[in-house]
Amino acid sequence: MNPDPSLSLQSFSGLENFGHSLRSSAWLHQPEQAGELPALFKLARQQGLSIALRGSGRSYGDAALNSGQIVLDLRRLKRVLAWDPARGRITVEPGVTIEDLWNYVLADGWWPPVVPGTMFPTIGGCLSANIHGKNNWVAGPIGEHVLEFSALLPNGRRVTCTPRKNGGLFRAMIGGLGMLGVFTSITLQLKPIESGRLEVNAWAEPNLEAMLAAIDAHKDCDYVVGWVDCTAGGRALGRGQIHTARYLHAAQDPQAEASLRVDAQVLPARMFGLVPRGWLPKLMAPFMNNLSVWAVNTAKYLASRTISHHKTYRQSLIEFNFLLDYIPGWERSYGRDGLIQYQSFIPKVRAAEAFAEILRLCQKAGLPSYLGVLKRHRPDPFLLTHALDGYSLALDFKVTPANRARLSALAAELDEVVLAAGGRLYFVKDSTLRAGSAKRFLGRRAVAEFKKLKTKTDPHNLLQSDLYRRWFD
Ligand SMILES: Cc1cc2nc3c(=O)[nH]c(=O)nc-3n(C[C@H](O)[C@H](O)[C@H](O)COP(=O)(O)OP(=O)(O)OC[C@H]3O[C@@H](n4cnc5c(N)ncnc54)[C@H](O)[C@@H]3O)c2cc1C
């Protein structure tokens, strides 16, 4: 039964995670303005229901699901509230997406300092995850570029936080998974750029140790990322391809001015000049099995060692940063039961050994990851941070009814490797983490501090999600 039709909780709807591997139903409501939020909090309390906040629903796991409860979809809160093109400072509502943001500021010579691998997440969702980009070791997470945010807390208070004012809450709400309050406006410091293009270098590396060393050796670049062929074993374990990128000064790019126009930032409509992008998920689906992925990865690696070895070229900012957006709905190619991602962060000195063990365990279980991505990171001051001085390896796994239980057992084994190496996991990418493991990597002090803040900001435990109940209860 609808808890209160007068507040038009619009429907009891089925929702999914980005990977389409989890489904749950909830009372869904899309507020038109932040002013509706206090009444919604009140309604939830009266009905004995909890509320999860949702941006674009681009979290791989259950961060924005709330089974049988209320989900507030905040995408309609998407006004730009202030823009200072001289200083690159922008204030937005939380439903503004990364795509909206770069569209708004690019022509003035600015770019978001930290972006994820897709442009569709909202700024509110990005702050709650405290996202990192392919420049994390140098730029830190998005939270380090927040000058100020305003939030409504479930206890009814409206707060403004900066790194200095209400600093404890600032460092807990950023990365706080929407459990302490709702961001209602966010002021970001953007990055000045002179060209909308990057100079990109690509080359192959023969194994994991060489991949990690290459990433470290190129920390002077603006971006570094590694693709890992997770199907290769033996001496080729962890082989792959590195991409680095550097911003261009106006003097280095004859097309600098034109490249700052939004219409110069387009993803190709066809792949390989032939196949319309929209067709690809269907065309890829039959090849999403261990044998085909092995064949495709082998071909890709061999091409990266020959055709594109030490190739230098120029790419638009969106082509380099949003590679995964080339194929709209690519996640559908994983089939009806979707995919999960497992991203672990390991301290630098333990990374080679731990990632090798992780790749071996996946292969031994007959569950090789179909996509592996390596990045370099550094620590940050946020309470529930996933980052550290080291590397992360993000692994995508196909889910099927037959392998679901085996995947969960594999993830538990991987957790042990990560925790033994002093590593961390990333909540918005996670679907399998158990409460005990989360508390082990966060540490007792951080968990106690988070609990204390949660009791203060949300005394009736109104803000919850499936993820929160999974790791925090
Ligand atoms: C293809 C792909 C590539 C990605 N690449 C990266 C990457 O490179 N780096 C990275 O760090 N992440 C990456 N991600 C993860 C993604 O950036 C995060 O999951 C992000 O949180 C998604 O934002 P969203 O708007 O979809 O939020 P949702 O998934 O809807 O929600 C995420 C969290 O934000 C909370 N939330 C949403 N709005 C608010 C608000 N106004 N106030 C408070 N809390 C709120 C929700 O409760 C939830 O806990 C990637 C995801 C995809 C699908």
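These exercises work through helix packing and aromatic contacts in a predicted model.

Residues are numbered from 1 along each chain as its sequence is written, and side-chain values use heavy atoms, without hydrogens and water. In this predicted model local features need pLDDT of at least 70, side-chain atom pairs count only at pLDDT 80 or more, and totals for chains, interfaces and linings use all residues.

**Exercise 1.** Find how α6 and α11 are oriented to each other.

*Solution.* Take the elements from DSSP: helices are H or I runs of at least four residues, numbered from the N terminus. Helix α6 covers residues 208-217. The axes of α6 and α11 come within 10 Å and cross at roughly 150°. Angles under 35 degrees count as roughly parallel, over 145 as roughly antiparallel, 65 to 115 as roughly perpendicular and the rest as oblique. Therefore α6 and α11 are roughly antiparallel. Now list contacts (heavy atoms within 4.5 Å). Leu208, Glu209, Leu212 and Asp216 of α6 meet Lys348, Ala351, Ala352, Phe355 and Ala356 of α11. By class, that contact has 6 nonpolar, no polar and 3 charged residues. Here Ala, Val, Leu, Ile, Met, Phe, Trp, Tyr, Cys and Pro count as nonpolar, Asp, Glu, Lys and Arg as charged, and the others, Gly among them, as polar.

**Exercise 2.** Describe the packing of α12 with α13.

*Solution.* Helix α12 (residues 404-420) packs against helix α13 (residues 435-442) at about 15°, with the axes 10 Å apart. That makes the pair roughly parallel. In α12, Asp415, Glu416 and Leu419 meet Ser437, Arg440 and Phe441 of α13. The contact divides into 2 nonpolar, 1 polar and 3 charged residues.

**Exercise 3.** Which residues do ring pairs link into a cluster?

*Solution.* Pair rings of Phe, Tyr and Trp (its six-membered ring) whose centres lie within 6.5 Å. The count comes to 19 aromatic pairs. Ring pairs link Phe427, Phe441, Phe450, Tyr468, Trp471 and Phe472 into a cluster. Phe441 also belongs to the α12 contact with α13.

Terms used: Rings of Phe, Tyr and Trp (its six-membered ring) pair if their centres lie within 6.5 Å; planes under 30 degrees apart count as stacked, over 60 as edge-to-face and the rest as tilted. Axes are lines fitted to C-alpha atoms, for helices over the stretch in contact, and angles run from 0 to 180 degrees between N-to-C directions. Helices (H or I, at least four residues) and strands (E, at least two) are DSSP runs, numbered from the N terminus.
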